[in-house]
Amino acid sequence: MRSKILRCESCARYTLKEICPACGGRAAPTKPARFSPDDPYGRYRRVLASEA
Ligand SMILES: [Zn+2]
């Protein structure tokens with residue numbers, strides 16, 4: 001079972017709670033860097049997708 005890591009949008013602290021225990025801010029799930037421009041494999045995947 002994969003643990004659900006959340007990240008506070010206010011203080012950027014990682015938590016498992018939807019409400020940040022540090023500042024009380026809202027925590028959102030971390031997003032996978034799937035199509036990030038910083039992803040070295042993202043460009044390769046986009047090329048494959050465009051040729052499919
Ligand atoms: Zn916080």
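Me: Why does Ala12 count as exposed?

Reply: In this predicted model, Ala12 has 11 C-beta neighbours inside 10 Å. The cut-off for exposed is 12 or fewer, so Ala12 counts as exposed.

Me: And where is Ala12 found?

Reply: In the loop between E1 and E2.

Me: What makes the phi of Ala12 worth a look?

Reply: The phi of Ala12 is positive, about 65°, although Ala12 is not a glycine. Most residues other than glycine have a negative phi.

Me: Arg13 is found in that loop between E1 and E2 too. Why is Arg13 called partly exposed?

Reply: Arg13 has 15 C-beta neighbours inside 10 Å. Exposed needs 12 or fewer and buried needs 20 or more, so with 15 Arg13 counts as partly exposed.

Me: Which residues is Arg13 in contact with, leaving aside neighbours within four places in sequence?

Reply: Cys8, Cys20 and Ala22. As for Cys23, ten residues apart from Arg13 along the chain, the two C-alpha atoms are separated by 9.1 Å.

Me: Now Tyr14, whose place is in strand E2. What makes Tyr14 count as exposed?

Reply: The number of C-beta neighbours that Tyr14 has inside 10 Å is 11. With 12 or fewer as the cut-off, Tyr14 counts as exposed.

Me: What does Tyr14 touch, not counting residues up to four places away in sequence?

Reply: Ile5 and Arg7. The C-alpha atoms of Tyr14 and Thr30 are 16 residues apart along the chain and separated by 9.0 Å.

Me: Let's turn to Leu6, in strand E1. Why is Leu6 called partly exposed?

Reply: Leu6 has 18 other C-beta atoms within 10 Å. Buried takes 20 or more, and exposed takes 12 or fewer; 18 lies in between, so Leu6 is partly exposed.

Me: Which residues is Leu6 in contact with, leaving aside its neighbours within four places in sequence?

Reply: The contacts of Leu6 are Thr15, Leu16, Lys17, Glu18, Ala27, Ala28 and Pro29.

Me: How does the whole chain read along the sequence?

Reply: The pattern is β-β-β-α, which comes to one helix and three strands. Buried residues make up 6% of the 52 residues. Of the contacts with a separation of 6 or more, 4% are between residues 24 or more positions apart.

Me: Where is confidence lowest, and where is it highest?

Reply: Helix H1 (residues 42-51) has the lowest, at a mean of 68, while strand E2 (residues 14-15) has the highest, at 95. For the protein chain the mean pLDDT is 80, and 62% of the residues reach 70 or more. Where pLDDT is low, the predicted coordinates should not be read in detail.

Methods. Residues numbered from 1 in each chain as written. Predicted model: local features only at pLDDT ≥ 70, side-chain atom pairs only at ≥ 80, totals over all residues. pLDDT = per-residue confidence, 0-100. Helix = DSSP H or I, 4+ residues; strand = E, 2+ residues; numbered from the N terminus. Contact = placed C-beta atoms within 7 Å.
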